[in-house]
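Please find below a short note on the model under review.

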Amino acid sequence: MVTASGTPTMVEVVTRLVGEYTSKTPQKLKLIDAYLGYIMFTGVFQFVYCCLVGTFPFNSFLSGFISTVASFILGVCLRIQTNPANVAVFKDISVERAFADFI
């Protein structure tokens, strides 16, 4: 369903996004995306818990939250380096080396 101005609706955009993601994204990248989703959920959960319950002990919250942010950043770097669309950019880095850097 297209609106009167000729732009697609939000449902169409999301449907196309999901369809292209499932058909064109390699299985390895989907696995990395699931890991990134889990890490993001963990960080959001820690932040909401801290807002609701309190910040005692604050250093425990900081260490947990900062470690989730760092894990997310490392996961994004792994996803970027192992994406087949970025082979020309990371031609000197193999997939095995990118995974070893992540570990």
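1. Is cysteine 77 buried, partly exposed or exposed? With a relative accessibility of 37%, cysteine 77 is partly exposed; the class lies between buried (under 20% relative accessible area) and exposed (over 50%), using a 1.4 Å probe and protein chains only.

2. The model is predicted: local features need pLDDT of at least 70, side-chain atom pairs count only at pLDDT 80 or more, and totals for chains, interfaces and linings use all residues. Residues are numbered from 1 along each chain as its sequence is written, and side-chain values use heavy atoms, without hydrogens and water.

3. A disulfide is defined as a pair of cysteine sulfur atoms within 2.5 Å, and the count by this rule is zero. Cysteine 50 takes part in no disulfide, the nearest cysteine sulfur being that of cysteine 51 at 5.7 Å. Cysteine 50 counts as buried because its relative accessibility is 10%.

4. The protein contains four helices and zero strands, where helices (H or I, at least four residues) and strands (E, at least two) are DSSP runs numbered from the N terminus.

5. Valine 87 sits in the loop between α3 (58–82) and α4 (95–102). At 53% relative accessibility, valine 87 is exposed. Its C-alpha lies 15 Å from that of threonine 25, at a sequence separation of 62 residues.

6. Regarding overall dimensions, the C-alpha trace spans about 55 × 45 × 20 Å along its principal axes. Buried residues form 18% of the 103 residues.
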